[in-house]
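I opened my notebook to go through one protein chain, from its overall form down to single residues. My entries follow in the order I looked things up.

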Amino acid sequence: MRQMTYQEAVREAMSQLMREDERVFLMGEDIGIYGGAFGVSRGMIEEFGPERIRNTPISEAAITGAAVGAALTGMRPIMELQFSDFVTIAMDQLVNQAAKLRYMYGGKASVPMVVRAPGGSGTGAAAQHSQSLEAWLAHVPGLKVVQPATAYDAKGLLRAAVEDNNPVIFYEHKLLYGTKSEVPEEPYTIPIGKGDIKRAGRDVTVVATSIMVHKALHAAEVLEKDGISVEVVDPRTLVPLDTELILNSVKKTSRVVVVYEAVKRGGYGAEIVSTIVESDAFDYLDAPVVRLGGKEIPIPQNPELEKHAVPQVDDIVTAIRKMMRKA
């Protein structure tokens, strides 16, 4: 099967959806000729024209409000935030409008819109362009939150997001844009709420999201030389969460490390840990569950400091070795 980058997979998903359905269109800052802040929509304006690849003013509140309105009238907009940090400017439209309107209209209205949000650290973009704010949005009833870690998952989940009748936040980690995986040419859908076991193991489960999936896989390779077998579980979707997949893995390995890039305090990893300890999987645990998250600081611009602000492969390896010694 052909290899494709994450960025190419997102672009292909959007192009295929737009060829199939005239209700689907893109909107965002500089997404036309420039192709967006990271070039994801580059070249699409030549095929679909400015009516369906719509450059917008620099106003995330306006972009989001326009997307909500378009979705209410039957369109299926895909809007791009240049950096997920700017979701803070769009929060009123997302939290007080998009997330609630279906409920407030008794199910007679729906808001089928997708918010593409490049997030995460590692590019030297500093404190206002490097955050991971997915936990804020996962807290809001009415929003679905997706964090694909591979090109294959990105293409299939984006299709599911556009076909969904609810607002979906589609988090793309900036460092993943250049990563490759096998991606079918034909359209396919990965159901929202269906996680994936990225690597099977028997000794410890690592539940990792977004770019941490790749770091967990790297850590698993290191630990394999120590005779430690690591299972890597990728929820792929935070809301809804594939609870069954996670709990079954915990019951199998009896040890869990949860890894995420967002600040550890109040992060979504705490939700995953609570899901485990509140279930019957708690009785299977041979060691306390461990969380690895970002430090409680704004993301620094200095590359070395930036690296130390979020979990790295060595941190995962150390946490698992420590857990195995105590078990």
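Entry 1, the whole chain. I am working from a predicted model. I began with contacts between residues at least 6 apart in sequence, and 82% of these join residues at least 24 apart. I then looked up burial: of the 327 residues of the protein chain, 58% count as buried. The accessible surface comes to about 14000 Å², and 51% of that belongs to carbon and sulfur atoms.

I found 12 helices and 14 strands in the protein chain. The radius of gyration is 20 Å, close to the 20 Å from the globule rule for 327 residues, so the chain is as compact as a globular protein of that length. I noted that the C-alpha trace spans about 60 × 45 × 40 Å along its principal axes.

The UniProt record, an unreviewed entry, lists residues 4-179 as "domain: Transketolase-like pyrimidine-binding". In the model I found the end C-alpha atoms of this span 8 Å apart. The span is 36% helix and 17% strand.

I checked the length of α3 (residues 60-72) against 1.5 Å a residue: its 13 residues should span 18 Å, and the end C-alpha atoms are 18 Å apart, which agrees. Which residues of α3 are buried? I listed Glu-60, Ile-63, Thr-64, Ala-67, Val-68, Ala-70 and Ala-71. They cover an arc of only 165° around the axis, which puts them on the same side of α3. After α3 comes Gly-74, with a positive phi near 105°.

Asp-30 is not a glycine, yet its phi is positive, about 60°. I placed Asp-30 in the loop between β2 and α2 (44-48). Ser-210 also has a positive phi, near 55°, and lies in the loop between β10 (204-208) and α8 (212-224).

Are these two residues buried or exposed? Asp-30 is partly exposed, with a relative accessible area of 43%, whereas Ser-210 is buried, at 6%.

Last, I looked at the peptide bond from Val-239 to Pro-240, which is cis, with omega near -5°. Pro-240 sits in the loop between β12 (237-239) and α9 (243-253).

Key: Residues are numbered from 1 along each chain as its sequence is written. This is a predicted model: local features need pLDDT of at least 70, side-chain atom pairs count only at pLDDT 80 or more; totals for chains, interfaces and linings use all residues. Side-chain values use heavy atoms; hydrogens and water are left out. UniProt positions are given in the numbering used here, feature names are shortened, and annotations may be inferred rather than shown by experiment. Helices (H or I, at least four residues) and strands (E, at least two) are DSSP runs, numbered from the N terminus. The expected span of a helix is 1.5 Å times one less than its number of residues. Buried means under 20% relative accessible area, exposed over 50%, partly exposed in between (1.4 Å probe, protein chains only). The arc is that of the directions from the helix axis to the C-beta atoms. The radius of gyration is taken over C-alpha atoms; the globule rule is 2.2 Å times the number of residues to the power 0.38. Contact means heavy atoms within 4.5 Å. Accessible areas come from the Shrake-Rupley method with a 1.4 Å probe; for residues, only the protein chains shown count as cover.
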